Structures are given as structure tokens and as C-alpha cells.
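This briefing goes through one protein model, topic by topic. Please keep the sequence and the 3D view open while reading.

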Amino acid sequence: QLSTSQASPERVPSPEEQQWAGPEALCPGWLEDEAPDGEVPGDSGDHDGATHAYERLQSALCQEGLPPTLDCSAEPRTGFGPLDMTVCILGSPIPFLPVLLEGGTRCPGAMVLCLSPSWASRVPSESCPGAWSLLLSRGVSFKVGGHSALESFVPPRRANYVTGTFAPGDPEGGWVGELARDLDCPTGGSVPLAHRLEDTLVTRWVLAARANLPVPPTLAFVLGTRGDLPAQPAAAGVRLVRLQDPQGQQSLVQEEVGAFLGGTAMEPYGQVGTAGRAALVAPGGAGGQREAR
């Protein structure tokens with residue numbers, strides 16, 4: 001829960017300063033040939049990515065009937081200390097827009113959106129040996145009424161909580177995961193966790209075996225050892241068959257599929273068609289399995 005007592009006083013921009021942030025404000029020097037400092041691994045000067053993300057933010061704000069983002073970066077904000085709340089959202093703004101808007105209402109200025117790896121840096125943590133602190137030199141902050149502003153911070157502003165778009169398939173997933181790795185503050189996810197959640201077999205096994213929750217009847221053919229799964233998973237509703245050579249074990253696959261479709265677990269799905277309801281996880285390539293419905 002955010003505390004309004006931690007918010008720093010906001011400076012109201014003058015009418016002359018209330019200009020919309022453009023590409024130059026998003027990434028100073030984006031038209032120059034010089035490469036960025038490269039302090040963050042994976043920062044390849046993805047200026048187009050930051051600009052595109054900013055344009056998506058403006059489109060989303062417009063669709064919600066909210067004012068566009070103001071460019072207040074010409075006069076850096078100062079005075080942030082360790083007690084100031086900074087909730088940092090890394091990457092795409094769209095999935096977290098409701099959080100940014102609500103956070104801006106509850107604690108104005110505490111929600112900061114980072115659209116580029118060049119806007120942040122990692123420094124060794126002073127409080128947790130071996131960990132890192134995330135410092136923000138630039139970001140889009142949110143305030144009451146859906147107002148937002150592009151701001152720069154001098155000295156850089158330390159993040160107290162970090163989350164973002166960790167999905168493996170997301171274009172920003174690489175630099176987001178790197179910035180959020182091994183931080184000294186709580187984080188709302190990680191790339192390895194996103195990989196796990198996207199693995200249908202692992203997710204269903206965890207829900208069935210560890211949380212004792214019902215899952216759809218599942219037959220899984222796994223290539224190799226799959227060290228992330230136990231040798232004998234005791235998960236209700238999940239049948240795991242390990243294959244060494246799927247080309248030479250076709251008869252085994254056919255037998256298992258026949259037994260699965262004809263078993264008692266599939267009886268509730270008989271009237272609507274077994275193929276439409278049951279989950280069959282078949283052997284895939286390097287990933288170890290694929291799901292067919």
C-alpha cells in the first residue's frame with residue numbers, strides 16, 4: 001500500500017513549460033550518431049522502442065479521455081531521499097496503465113514509468129551485499145486525475161519497488177529482466193518466473209500437486225529428463241510420460257493417448273468432444289513439450 005505521506009511536493013509547471021514530450025525529450029541526442037553510455041546490459045540505444053512505447057502510452061491516455069503527457073524534463077526534479085516512495089514500472093505501459101493511474105491518484109508522483117534502459121542504471125547496493133539498487137534518471141510520473149509528466153531526476157531517483165513486462169515474448173523483455181535482476185528492493189516478477197508461468201505442464205503440476213487445485217485432465221509426453229519436474233509427479237489429473245526417442249516409441253504414444261481418452265477422467269467431456277476440452281501435451285522440440293487442444 002502506498003502512503004501519501006511519502007510523496008514529495010510537486011512543482012506545478014508554468015504554461016510555457018506545459019509542452020508535449022517528443023522524441024528529443026524521450027531520448028536526448030536520439031538524432032546523433034553517438035552511442036549511449038551502455039551502463040545497462042542490453043542497452044543498444046533502442047530509441048525507436050522508447051518512442052514507440054511513449055506513443056502507445058499517449059494513444060491509451062487519449063482513449064481513456066485523459067490529457068497527454070507533459071514534458072517537464074527541462075528542469076530536473078531534486079530532493080528525493082531514501083524515504084520517498086518510488087514504484088517503478090519497466091517496459092510497456094499498456095498492461096500497467098490501470099495501476100499507474102490508480103497509483104497516481106493514491107500517491108501522486110510515486111508511480112514512475114521507465115520506457116528505456118537508458119533511463120535507469122544499476123549500482124551496487126549499500127544495504128544488501130551482492131545486490132543492486134535501481135536508479136532512475138528519467139521517467140513518466142503519474143498524478144491525480146490521470147495527469148502524467150515526463151521528468152528527469154538529479155540525482156537519480158532510487159526505486160523502492162520494481163515490476164514490468166517480464167514476458168519472454170515481449171520486445172522489452174530482455175532489458176526489463178536485466179534491470180530487475182538481483183535488486184535490493186521487492187520486485188513483481190522476473191523472466192525465469194514468466195517462463196515458468198508460460199509452461200503449461202509445470203503450471204498445472206504445481207497447481208495440482210502443491211496447491212491441491214483441480215486442473216483439466218492432462219496427458220504430457222516429455223522429451224529428456226526435464227529436471228524441473230520430479231521423477232514421479234503425484235499430481236491428480238496430470239499423467240506424465242517420458243520419451244527418449246519419440247520416433248521409436250509411436251506405439252507407446254498411441255497406447256497412452258487411447259488410454260487417456262478412454263479413461264474415467266474424460267467421461268465428463270464425452271458429450272462435447274474429447275478434443276475440445278482435454279489438454280494433451282505432446283513432445284515438442286528443444287522446449288521439451290508442446291500443447292495440443
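Helix α6 is followed by Asn212, whose phi is positive, near 55°. The model is a predicted one.

**Helix α6**
- Helix α6 spans residues 200–210, and its buried residues include Leu201, Val202, Arg204, Trp205 and Ala208.
- These residues lie on the same side of α6, because they cover an arc of only 165° around the axis.
- As a general point, an α-helix has 3.6 residues a turn, so residues three or four places apart point the same way.

**Strand β6 and its partners**
- Strand β6 covers residues 132–142, and nine of these 11 residues are buried, so the strand is largely enclosed by the rest of the structure.
- Strand β4 (residues 111–114) pairs with β6 in the antiparallel sense, over two bridges. Within this part, Val112 has Ser141 of β6 as its bridge partner.
- Strand β5 (residues 120–124) also runs antiparallel to β6, and five bridges join the two. Here Arg122 stands opposite Leu134 in β6.
- Strand β7 (residues 148–158) and β6 are paired through seven bridges, again in the antiparallel sense. Opposite Arg138 stands Ser152 in β7.
- β6 and β7 form a hairpin with five residues between the strands, where Gly145 takes a positive phi near 80°.

**Nonpolar cores**
- How many residues does the largest nonpolar core have? It has 37 residues, and those with the most contacts inside it are Cys88, Leu90, Leu113, Cys114, Leu134, Phe142 and Val162.
- Two or more residues of this core come from each of α2, β3 (87–90), α3 (97–106), β4, β6, β7 and α4 (173–179). The largest share, five residues, is given by α2.
- Apart from this core lies another one, of 11 residues, among them Leu201, Ala208, Val215 and Leu229. Leu201 and Ala208 are also among the buried residues of helix α6.
- Cys88 is in contact with Val112, Cys114, Leu134, Leu136, Ala159, Tyr161, Val162 and Thr163, leaving aside its neighbours within four places in sequence.
- In soluble globular proteins, nonpolar side chains tend to be buried together.

**Cysteines**
- How many disulfides does a search of the whole structure find? The search finds zero.
- Cys114 is in no disulfide, and the nearest cysteine sulfur, that of Cys88, is 5.3 Å away. A disulfide needs the two sulfur atoms to be within 2.5 Å.
- Cys114 has a relative accessible area of 0%, so this residue is buried.
- Cys185 counts as buried because its relative accessibility is 10%, and the cut-off for buried is under 20%.

**A loop residue**
- Glu64 is found in the loop between α2 (47–63) and β2 (70–71).
- Is Glu64 buried or exposed? Glu64 is exposed, because its relative accessible area is 53% and exposed means over 50%.
- Glu64 and Gly146 are 82 residues apart in sequence, and their C-alpha atoms are 9.2 Å apart in space.

Terms used
Residues numbered from 1 in each chain as written. Predicted model: local features only at pLDDT ≥ 70, side-chain atom pairs only at ≥ 80, totals over all residues. Heavy atoms only, no water. Buried < 20%, exposed > 50% of the residue type's maximum accessible area, 1.4 Å probe, protein only. Helix = DSSP H or I, 4+ residues; strand = E, 2+ residues; numbered from the N terminus. Pairing = 2+ DSSP bridges. Arc of directions from axis to C-beta. Core = buried A, V, L, I, M, F, W, Y, C linked by side-chain atoms within 4.5 Å. Contact = heavy atoms within 4.5 Å.
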